[in-house]
Amino acid sequence: MKSLIQNHTTMIRFIFLLSCLVLAVMMIIGSNNNENDDKNNVVHRTLTETTATTPTINPLDYRIATFGSSRTKGVHVPIDQTFAGLLKAHNFAIRASGPEYPAMCTYSIIEPYGKFDVVILEFSRESKENKDGALFILAARFRQHFPHVTIIFLHSWAPRQIYHVPTGQSLGQWAASAELSSGGSIYESINAKMQDTPWYDWRIVEPDVYATLAQTTADGVGGHVLRMPINRDDVRESMANYSHFFLDDYIHLSAEGHQWVRNGIVDILQKTKAKRSNYTRPWYSTDACQSWYATGKMTRKQATNNMQMVEFQEGKFGLEIQKGAEGTLQVTNPGRKPVNLFISYMVTAPEQRYPKTRIWLTYGSNNRISSSQEITPVWQSSASQVAGLKLHVVSHARIGKLEVGNSTLHIAPKEETEYPFRLVGIMVTPYNFGDTLTALL
């Protein structure tokens, strides 16, 4: 009898211990699932979840910086109605740009403004090629200097990515050929007409490429992705649900689209319990970029010769060098090893209205030539992109390696054209993402 009781007691203990073990495992699994659910809620957000959120945080408590292209800068939407304006952010967006320029000049752009708690990057659609990992380098420079910063990658599609499979036409071309129009938004007519076509007639260009880039980069720097919903299997549904997020140009966000982005960002800040932090680390690498295009003022004193600062259009300035003259500008590399020198200058398209110009660098007491090249100031773009457009914009080109210490930049126009050669900025940077960059400053 005693043995039976002991065996029964042992069995009860075993069952109790087994129950505790099962309960602990279930708690761990539940905890992991909750963590995964939270992560997925941040990354894969539906319209209903985002717009229905009632924030318990005040985004104005954060110091926010936004970087991106014209979608972030805002087109045909009042500044205070862009998502940057709604968040009271410092908006460093540049028209028609990828991440290369801000990645090269992060220190010069950010340092005058002090500390930031949140950085928003809207570049994934401009970064299909992602030159030498420029998007990652930009985000990593933020993470290195601001260890506790919340980095959010905005991944949004646009109607211009949608095309009609049977005809091979873009959505805009298809709408034009169908002579669609509306007293309100063009999308009202488009959506009605699309419903008369089968779902398999429509595709969106490479959404997974852009989405993967944003997510991979975010994973690498401990960031988050705000992704605009897209039904890849039935693009018609996505257009019906979200086309009001876009202007009729098939590219840029409408006021409603900017509001959606703002709400999504606030939702991420709330779910991740983002904090303010004044902690920074010394910059691992610095740069010395400056542009006088919008101010006419050089932020660093540099000796010039045969170069005159001119306001050639209202609010637009450049250092002009006339034909027959050789303009010079002293540039300095205070570091311990050579870095890259880029220049910013005016170009036109499709016609060339600025002169071909020889540009070279000299250094040392013997004025040794370290780099030399000839520039033709015409906008470098495909014919389809500039067809029918008269462009007068800023371009950027790499001149070469800038040796340690002082060097002299020489600029000598080779011909006389409608406009004199105009230099509007320089970039001294350890990073190099190719011989030319797109960023319309």
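Trainee: Which residue forms a salt bridge with Glu-374?

Mentor: Start with the general idea. Side chains of opposite charge can pair when their charged atoms come close. In this predicted model, Glu-374 forms its salt bridge with Lys-414, and the closest N and O atoms are 2.6 Å apart. Glu-374 sits in strand S16 and Lys-414 in the loop between strand S18 (405-413) and strand S19 (421-429), so the bridge ties together parts 40 residues apart in sequence. Glu-374 is partly exposed, at 42% relative accessible area.

Trainee: How many salt bridges does the structure hold?

Mentor: Nine. Take Arg-63 and Asp-117, whose closest N and O atoms are 2.8 Å apart. Arg-63 is in the loop between helix H2 (47-52) and strand S1 (64-68), and Asp-117 is in the loop between H6 and strand S3 (118-122), so parts 54 residues apart in sequence are tied together.

Trainee: Which residues are linked in a network of salt bridges?

Mentor: Arg-63, Asp-117 and Arg-276. Asp-117 also bridges to Arg-276, with the closest N and O atoms 4.0 Å apart. That pair links distant parts of the chain, 159 residues apart: Arg-276 lies in the loop between helix H12 (255-271) and S9.

Trainee: Is Asp-117 buried or exposed?

Mentor: Buried means under 20% relative accessible area. Asp-117 has 2%, so Asp-117 counts as buried. Arg-63, at 22%, is partly exposed. Arg-276 is partly exposed too, at 47%.

Trainee: Which cysteines form a disulfide?

Mentor: Look for two sulfur atoms within 2.5 Å. Here Cys-105 and Cys-289 qualify, with their sulfurs 2.1 Å apart. The link joins distant parts of the chain: Cys-105 in the loop between helix H5 (100-104) and helix H6 (106-110), Cys-289 in strand S9 (residues 288-291), 184 residues apart. The angle about the S-S bond is -80°, and the link is left-handed. Both Cys-105 and Cys-289 are buried.

Trainee: In what order do the five strands of the open sheet stand?

Mentor: Read across the sheet: S10-S13-S18-S15-S16, with antiparallel pairing. Strands S10 (304-305) and S16 (368-375) stand at the edges; each has a single partner strand, so one side of each lacks a neighbour in the sheet. S10 pairs with S13 (residues 327-333) over two bridges. Asn-305 stands opposite Thr-328 in S13.

Trainee: Which residues of helix H9 are buried?

Mentor: First, the helix rule. An α-helix has 3.6 residues a turn, so residues three or four places apart point the same way. In H9 (residues 186-194), the buried residues are Ile-186, Tyr-187, Ser-189, Ile-190, Asn-191 and Met-194. They pack against helix H8 (171-177), strand S7 (202-204) and helix H11 (235-242).

Note on methods: Residues numbered from 1 in each chain as written. Predicted model: local features only at pLDDT ≥ 70, side-chain atom pairs only at ≥ 80, totals over all residues. Heavy atoms only, no water. Pairing = 2+ DSSP bridges. Helix = DSSP H or I, 4+ residues; strand = E, 2+ residues; numbered from the N terminus. Buried < 20%, exposed > 50% of the residue type's maximum accessible area, 1.4 Å probe, protein only. Contact = heavy atoms within 4.5 Å. Salt bridge = Lys/Arg side-chain N within 4 Å of Asp/Glu carboxyl O.
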